[in-house]
Amino acid sequence: MTDNELPVIAHWIDGAATTGAGDRTAPVYNPATGAAQAHVALADQADVDAALASAERGFAEWSGYSIARRQSVLFAFRELLNARKGELAEIITAEHGKVRSDAMAEILRGQEVVELATGFPHLLKGAYSENASTGVDVYSLKQPLGVVGIISPFNFPAMVPMWFFPIALAAGNAVVVKPSEKDPSASLWVARLWKEAGVPDGVFTVLQGDKVAVDGLLASPVVQSISFVGSTPIAQYIYETAARNGKRVQALGGAKNHMLVLPDADLDLVADSAVNAGFGAAGERCMAISVVLAVEPVADALVAKIQERIATLRIGNGAGADEPDMGPLISAAHRDKVSSYVDTAEADGARVVVDGRGFTVDGHEDGFFFGPTLLDAVPTTSRAYTEEIFGPVLSVVRVASYEDGLALINSGEFGNGTAIFTNDGGAARRFQNEVQVGMIGINVPIPVPVAYHSFGGWKKSLFGDAKAYGAHGFDFFTREKAVTSRWLDPATHGGINLGFPQNA
Ligand code: NAD
């Protein structure tokens with residue numbers, strides 16, 4: 001197939017697929033083979049305008065649905081997703097590269113939020129105070145914002161949009177999703193499912209594209225809020241621009257997650273956990289562990305145990321019949337960037353214990369593979385330590401004490417996730433209080449909170465006040481109104497009084 005014959009991945013506007021007004025496209029690769037398999041349409045301003053006009057119409061209709069009717073659509077979506085999630089997992093693996101079981105796992109974590117959102121009638125009840133003053137009742141209403149924007153990264157093409165849209169829709173908003181242009185098909189599949197579940201046209205829109213689409217959403221007065229997940233520099237740009245334009249905004253950024261290993265920890269559990277959390281999804285997870293802080297004297301033994309386990313990992317095409325443990329990275333450019341971080345670490349004095357540079361898979365020589373890499377004694381001044389690598393590179397840093405490890409974690413610019421491994425409950429409790437990070441695991445390496453808690457980091461891992469999903473999600477996607485009402489009782493009607501209202 002020549003480049004021109006490749007299929008074009010469309011937008012979803014006004015309840016139908018469309019390649020839009022513009023003629024700009026970007027290639028979409030299969031990372032396991034390295035071959036372009038499609039092009040994705042890149043929105044121009046005319047597409048942004050069409051998407052938002054349709055979303056406004058969708059909002060007018062959807063926000064008028066009764067609670068029971070909206071809830072029945074959410075339940076229908078949940079049933080369809082549950083029955084057909086295998087199709088979605090295949091799409092994810094083909095465009096992202098993660099292995100099928102991991103693609104399924106991200107869908108299941110997203111489905112949790114759908115299931116939480118089906119309970120929205122209970123979660124969106126206002127409060128009522130009867131007789132706040134004599135004959136006066138005060139109550140609050142939680143109303144939708146209107147048209148809301150969701151901008152997502154490549155690494156969780158199904159789960160990250162699902163952190164937001166189930167709750168946004170449950171609350172009565174219309175949603176415009178701008179997926180990553182690297183793996184855009186998952187959102188399009190989800191849009192079709194919403195249509196089947198019964199949402200009116202315009203309520204769930206997919207706008208494919210790049211900075212043009214993002215800036216169009218940020219500039220439009222139609223868009224009431226932005227939920228962004230991606231790298232820190234873009235998160236900061238989104239936060240500042242959206243806030244300047246008067247929008248509600250939550251912008252989740254990058255991460256550098258440390259695992260602190262105390263000498264009393266079970267080192268086999270630690271080694272298993274470090275390998276799972278460091279190399280799952282080829283390290284392309286914002287909650288991946290990228291640094292193991294080994295409190296001496298355990299570092300030598302721990303490095304040996306991690307090295308042993310790495311030797312057993314199978315790397316290959318995630319769609320293969322005999323599923324490997326780890327697939328490729330998202331692009332050739334990203335693979336080369338990951339490789340350059342290993343060069344930097346080595347030049348700065350780290351010991352390369354397992355070297356994934358130049359790794360190839362037989363029969364997939366052009367795939368974007370990078371082998372699992374273990375670095376020991378990484379200097380904390382190295383860019384390989386301070387910056388997010390976002391690949392299968394696990395760095396071990398040796399520290400003398402709990403205090404030294406904690407100080408390193410707290411000195412970093414990110415604060416997404418962290419974990420402590422110990423059998424000492426007192427130390428773990430101290431850690432949860434002292435560490436400046438938003439999500440903490442105690443003998444749990446990837447502490448992604450369940451749907452009824454909220455997901456989000458501290459510092460440069462989250463710009464804004466609201467985390468994703470849970471109670472934060474219901475607050476973010478609604479605006480509260482307080483109503484003070486008096487129905488006149490002719491017997492107590494009080495005449496003219498220019499004073500400020502008091503509860504006399
Ligand atoms: P990215 O920042 O490159 O892209 C994210 C989104 O922003 C995409 O939709 C992209 O099209 C858009 N975008 C990119 N450049 C832009 C620009 N200049 N102007 C406007 N929009 C732009 O991130 P990515 O590479 O797709 O994803 C990986 C990053 O996401 C990592 O840093 C990872 O840590 C982070 N991430 C964070 C979380 C979290 O919960 N904190 C979760 C997943 C991923």
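Which residues is F165 in contact with, leaving aside its neighbours within four places in sequence? In this predicted model, the contacts of F165 are F77, I150, V175, V190, W194 and F204 (contact: heavy atoms within 4.5 Å). Residues are numbered from 1 along each chain. Local features need pLDDT of at least 70, side-chain atom pairs count only at pLDDT 80 or more, and totals for chains, interfaces and linings use all residues, while side-chain values use heavy atoms, without hydrogens or water.

F165 also belongs to the largest nonpolar core, which has 70 residues. W163, F165, W194, F204 and F455 touch the most other members. Such a core joins buried Ala, Val, Leu, Ile, Met, Phe, Trp, Tyr and Cys residues through side-chain atoms within 4.5 Å; buried means under 20% relative accessible area with a 1.4 Å probe, protein chains only. Helix α5 (residues 159-170) supplies the largest share, 10 residues. Domain 1 (3-253 + 461-482) and domain 2 (257-442) both contribute, so the core lies between them. Domain bounds come from an automatic or database assignment.

Helix α8 (residues 232-244) has 13 residues. Helices are DSSP runs (H or I, at least four residues) and strands likewise (E, at least two), numbered from the N terminus. T232, A235, I238, T241 and A242 of α8 are buried. Packing partners of these buried residues include β8 (147-151), α7 (211-219) and β11 (223-229). Just after α8, G246 takes a positive phi of about 80°.

Technical notes
Expected span 1.5 Å × (residues − 1). Buried < 20%, exposed > 50% of the residue type's maximum accessible area, 1.4 Å probe, protein only.
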